[in-house]
Amino acid sequence: MAETTIRDRSIHREAVGDYRWEGVDCLPYKDDDRALFKTVTRQVLFSDPELSGELRYFEVAPGGFSTLERHHHMHAVLILRGRGHCLVGSEVRRVELHDLVTVPPLTWHQFRATLGEPLGFLCMVNAGRDKPQLPSAEDLAKLRADREIATFLDNRVAAS
Ligand code: MN
């Protein structure tokens, strides 16, 4: 097992265009019946037993969105492609290329490609992490009590 790990530990993976990297699988998140997310792909850029973190690249196609979730682990996000909006806690923010977003522990969050372009971002996480929690009907009702959040969740964020 250890040999396999070392053999796979490439020291240089070239960028091969369109936000892809040599030898890195691009995994579509399979759309599920609950429509928790829409048109999101994931690439794991760095993951190694010797690292306590992982770096992933997610890309949300125009009109798509990531899962609305929360968990004990944090995210550190860098917008690498396009622009859109995100919800973090009670804040809806427009995010632009190269912006940084911190998602604190146990904070509801979602990324949406609201502005007609892909929204791609690097996301740093703990290697060992808890499973995301999904909002209950009650959680959703609490979030929707804020008009701006309701607008965001309904994918009706203004392009301004
Ligand atoms: Mn998350």
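**Close-up views of side-chain interactions in a predicted model**

**Figure 1. A network of salt bridges.** Arg 83, Arg 94, Glu 96 and Glu 117 are joined to one another in a salt-bridge network. The structure shown here and in the following views is a predicted model. Across the structure, the count of salt bridges comes to 11. Side chains of opposite charge can pair when their charged atoms come close.

Figure 2. Glu 54 and Arg 129 form a salt bridge through their side chains, with an N to O distance of 3.3 Å. This pair links distant parts of the chain, since Glu 54 belongs to strand S3 and Arg 129 to the loop between S9 and helix H2 (137-144), 75 residues apart. Glu 54 has a relative accessible area of 14% and is therefore buried, whereas Arg 129, with a relative accessible area of 35%, is partly exposed. A salt bridge also connects the side chains of Glu 59 and Arg 81, at 3.1 Å from N to O. Here strand S3, which holds Glu 59, is linked to strand S4, which holds Arg 81, and the two residues are 22 apart in the chain. Both Glu 59 and Arg 81 are buried.

Figure 3. The closest N and O atoms of Lys 142 and Glu 138 lie 3.9 Å apart, and the two residues form a salt bridge. Because Lys 142 and Glu 138 are 4 residues apart in helix H2, about one helical turn separates them. Lys 142 and Glu 138 are both exposed.

Figure 4. In soluble globular proteins, nonpolar side chains tend to be buried together.

**Figure 5. The surroundings of Phe 121.** Apart from neighbours within four places in sequence, Phe 121 is in contact with Arg 56, Tyr 57, Phe 58, Val 60, Val 77, Leu 78, Ile 79, Leu 80 and Phe 111.

**Figure 6. Aromatic pairs.** The whole structure holds 4 aromatic pairs. In one of them, the ring centres of Tyr 19 and Tyr 57 are 5.8 Å apart and the ring planes meet at 15°, so the pair is stacked. Tyr 19 lies in the loop between helix H1 (2-7) and strand S1 (27-28), and Tyr 57 lies in strand S3, 38 residues apart. Tyr 19 is partly exposed at 31% relative accessibility, while Tyr 57 is buried at 1%. The rings of Phe 58 and Phe 121 are likewise stacked, because their centres are 5.6 Å apart and their planes stand at 25°. This pair joins strand S3, with Phe 58, to strand S9, with Phe 121, across 63 residues. Phe 58 and Phe 121 are both buried. Tyr 19, Trp 21 and Tyr 57 make up one aromatic cluster.

**Figure 7. Arg 112 over two rings.** Arg 112 is placed over the face of Phe 65, 4.3 Å from the ring centre. The charged end of Arg 112 also sits over the ring of Phe 152, at 5.3 Å from its centre.

Key. Residues are numbered from 1 along each chain as its sequence is written. This is a predicted model: local features need pLDDT of at least 70, side-chain atom pairs count only at pLDDT 80 or more; totals for chains, interfaces and linings use all residues. Side-chain values use heavy atoms; hydrogens and water are left out. Contact means heavy atoms within 4.5 Å. A salt bridge is a side-chain nitrogen of Lys or Arg within 4 Å of a carboxyl oxygen of Asp or Glu. Buried means under 20% relative accessible area, exposed over 50%, partly exposed in between (1.4 Å probe, protein chains only). Rings of Phe, Tyr and Trp (its six-membered ring) pair if their centres lie within 6.5 Å; planes under 30 degrees apart count as stacked, over 60 as edge-to-face and the rest as tilted. A charge sits over a ring if NZ of Lys or CZ of Arg is within 6 Å of the ring centre and within 35 degrees of the ring normal.
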